[in-house]
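Hi,

Here is the structure I promised to pass on to you. Have a look at it first, and then read my notes below.

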Amino acid sequence: MKHARMMLGSAAALALFAAAASAADSTDPIMIPLHNWSSQIVVSHVVGEVFTSMGNSVEYVTTDSQAVYESIRLGDVSLEMEVWEGAFGASFDAAVAKGGIHAAGAHNAVTREDWWYPSWTKEACPGLPDWKALNDCAALFVTPESGGKGRFLGGPVDWLKHDQEKVDALGMNFVVVNAGSAAAIWAEIGAAEKTKTPVVVFNWTPNFAEAVWPGEFVEFPTWEAGCNEDPKVGMFPDKIYDCGNPATGYMKIAAWDGMKDKWPAAYTTLTKVSLTNAQIAEMAKLVDIDGMEPEDAAKTWMDANPDVWKAWLN
Amino acid sequence: MPPSAHAGRVGQMLLALAVCMAMGKALLPPGLIRPPDWLILPFADWINAAFFFLQNDLGLMAVTRAFSDVVDWLLSVTANLLYGKSRWPNLGPIPWIVVAATAFMAGYALKGWRLAALAGGTFVWIALMGQWKWAMETLSVILVAAPFSVALGLGTGVLAWRSPWFDRVLNPVLNIAQSLPHFAYMIPVVVFIGVGPKAGAIVTIIFSVPPMIRMTLLGLKMVPEEVIEAGKMSGATRWQLLTRVRIPTARSQILIGVNQVIMQCLAMVVLASFIGMPGLGQKLLQLLQSLKIGLSVEIGVTIVLLAVTLDRLSKAWALRLPEHAEPSPHWLGRNRLLVIWLALCVLGVVLAHFVPYFLEVERKQALSVAGPIDALMDRFIRLIAPVTAWLRWFLITWVLIPTRDAYLWMPFSAVLLLLAAVGWAIGGVRSAAVCVAYFGLIALSGWWDRAMITVYTVTVSVLIAALIGLPLGIWAARRPVRAERVLLICDTAQTFPSFIYLIPVIMLFGVSDVAVVAAVVVFAAVPIVRYTIEGLCSVPPELIEAADMSGATRRQTLWHVRLPMALPTMLVGANQSVMFSLFMVIIAAFIGTQDLGQEMQRALSTTDVGKGVVLGLAVAFMGLMTDHLITRWSEARKRALGL
């Protein structure tokens, strides 16, 4: 306890010192994590470039997208540009509860994650996107291992999407098969495209897939607060998970608690960053469709949209 | 103890009992079908508690972080030199043309023109394909990790050689370390070191050190007594004996150890990028994430080329005997190659200064073969789609689902008895105890069902691999040229990053067990083919001649002479095949499985050390048990053949 108070004291002293030194940013590099999807990498590079233009030094480090919150908490990594409600909300909240990390801002973007199908599926099952129509077409999605039911390819189990619960609650004639990675889902869609086989998979927006394969989300009963916990909420009075996923999830920006004191100017800029769905999709497209390197894509985007990022500067 | 008639009878009795228990499953109490809850020990909690104690109370965190700071400093030096990261000594980046010239000269000095062309050509390929920065990021980590690993391995090896007690403790630790899946190492590293290039370097060091320790130990033990006598007679101290006599005599083994370290480092390139190793691996995962197969194949080719180059260079170094030629009177004559190399370097730096193309080829200027590869892949998938659809249906319905259900249906007590029966028949009571202990621990860990799914995938994969690999090996062993070519394909298939295989198998078979088995079979078949060829080619020609003279047909020679003689070697292949399958089945979790690998992936993303270690040990125990049984059997076969 005494120890903790001493640390608090010295932290406060440091903060005072930092304030006295006219809030100059530390010369240590700001550590920016990169993950394995393009929009996050480009957004991170854009912010890194902005920091560099302010005179900060920046370093990029590749990490696991779930484990990163633990690293931010410990100060090994300084921030995270894309905290998706559906995919990372749980890890983020757990890290916030332990302390050392907080939300420094939010993008003006909505995220959606749910059952999704590419356009050629609709030709085989014209009633889509209604979930009841999908259920009536279940026979189209039968595979050898699905035991006569339709097969839905879900995301990795640790994304905790409760697809099986949804199937049970809505009484759908489907089985859930979990892919082991996002790449496995893309490979499945890519293979299905060659033979125009109908598939229904887990997908999310914004991401590059919508530009490669046009498609739509399945419309489940609308999500209401409490639908996943309270049987009374939702379509059936005696079931939980009897609804779709929230269609308007948040996308936040997380920062290490110490960032505010160590790099005050960069932190202030970070709090002002806010991108829209269209802007994020544009950045992903530069890499995934136009084949640019993420660094070049970041520069290209900044050259094309100077007013957007200059507004973040103080 | 050799398997006797008595051991065979006990084995049969245990087998009969196991069958009875399986048949009478309905009558068994539930506690014998699956381990009851009170029997399951919370190993993961214990390990977590131990790690927590190490990390917080013992202050080990400070030690590991201090060590990682040293590694970090070294990494920033290599990073500056190789790709110009702004760190001390601020000299880099070295132009690619200079690195390529250096590799060329090293190859020439060690073995001549062919190796020179391979080594120089590899770096020219990397540069022209626009992968220079990524490859240098990778090499900057390997350049730090490999020497650390060699030094650590050499030191530990010498210690183990000096103290038989330490050797006895170390041996089982190394056995487990070499059969733990890669991911199991990574979780503790994330906890103690964090993420980033230094974590990548440290996980690479941990992974690559065991073969170095083993080879050092082996080399030191093989030093002939006469050499040491000679050293003693010339009045060497103990330290001089070690550094001037023993280690130089054990040179070949130690350098083979160095070679192994380099190969292991390259094997970690892709996996270590999960915890922040930059470079080729990280880029490869990003590309696969957006389904760019052509570009990821290019990176795969680079990794294979790097592995082959470094392998050949270090082997040439290891096998080169010290030359004691007549010293040339002129300095220039003695150091001709050194002078040429220095001249090439200066030329390269000047060239790069005036023509930026020779400093770094930018992505925009890079060549690419991605387009044709993607088109070829597309054509191939469309072409064989009907075949794979049928194959998927057939394997799922008639092979995989029935086998899987059977494995899961078996009561765990019957499985343990069955293993005891196999163990007893092969190696007597000791082997039976070893088998039951390993699988008993897996049962106690509470992961029985998932472990059975892993066992099922590995069994099916190794069987299919044997069905493909044995005929291929026999066919290839007929002509030396053919054998050489097939072995080259084996090397390539094995060094090619395993992640790239995952995407095509999903495209062919969908996210299903067939895709998982197909990916594992690629790796399981390689050692089977290789050791079949090596076993058949090393059968003494006199024996074959003798068989020919007694009028045996080619088929008879094969079945009654060559295959039985090659069997001990082929069993080594079977052993490695199981090991490779166990590693690959964990990686195949990225396709989508319900086995230990899936849980391991989950443990990595939640940095749950205890769970990761328990799952890793479960996989290691499967490997160790197979290793024990096959080694025993192979020894018995060798004795029977009088080898």
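Before anything else, a term you'll need: a residue is called buried if 20 or more other C-beta atoms lie within 10 Å of its own, exposed if 12 or fewer, and partly exposed in between, with C-beta atoms placed from the backbone. What you have is a predicted model, where local features need pLDDT of at least 70, side-chain atom pairs count only at pLDDT 80 or more, and totals for chains, interfaces and linings use all residues. Residues are numbered from 1 along each chain as its sequence is written, while chains are lettered from A and ligands numbered from 1 in the order in which they are written.

Asn90(B) has 10 C-beta neighbours inside 10 Å, so it counts as exposed. You'll find Asn90(B) in the loop between helix H4 (60-83) and helix H5 (96-111) of chain B. (Helices, H or I with at least four residues, and strands, E with at least two, are DSSP runs numbered from the N terminus.) Asn90(B) is not a glycine, yet its phi is positive, at about 55°.

Ser550(B) also counts as exposed, because it has 10 C-beta neighbours inside 10 Å. This serine is in the loop between helix H24 (541-549) and helix H25 (554-587) of chain B. From Ser550(B) to Leu288(B) is 262 residues in sequence and 58 Å in space, C-alpha to C-alpha.

Now for a helix in chain B. H13(B) covers residues 251-267, which makes 17 residues. Its first and last C-alpha are 24 Å apart, close to the 24 Å expected at 1.5 Å a residue (the expected span is 1.5 Å times one less than the number of residues). Because 13 of its 17 residues are buried, H13(B) is largely enclosed by the rest of the structure.

Next, where the chains meet. In total, 44 residues of chain B are in contact with 37 residues of chain A, contact being C-beta atoms, placed from the backbone, within 7 Å. On the side of chain B that touches chain A, at least two residues each come from helix H14 (280-289), helix H18 (370-409), helix H22 (498-509) and helix H26 (596-605) of chain B. H18(B) gives the largest share, nine residues.

Over to chain A. An automatic or database domain assignment sets the domain bounds, and it divides chain A into domain 1 (28-110 + 249-310) and domain 2 (112-217). Their C-alpha centres lie 30 Å apart. Where they touch, 16 residues of domain 1 are in contact with eight residues of domain 2. H12(A) supplies the largest share of the domain 1 side, six residues.

Chain A has some backbone details to look up too. The peptide bond from Leu128(A) to Pro129(A) is cis, with omega near 10°, and Pro129(A) lies in the loop between helix H5 (119-124) and helix H6 (131-136) of chain A. Another cis bond runs from Thr205(A) to Pro206(A), with omega near 0°; Pro206(A) lies between strand E8 (200-205) and helix H9 (209-212) of chain A, in the loop.

Tyr241(A) is in the loop between strand E9 (215-217) and strand E10 (251-256) of chain A, and its phi is near 60°, a positive value in a residue other than glycine.

Cheers

Technical notes
Two residues are in contact if their C-beta atoms, placed from the backbone, lie within 7 Å.
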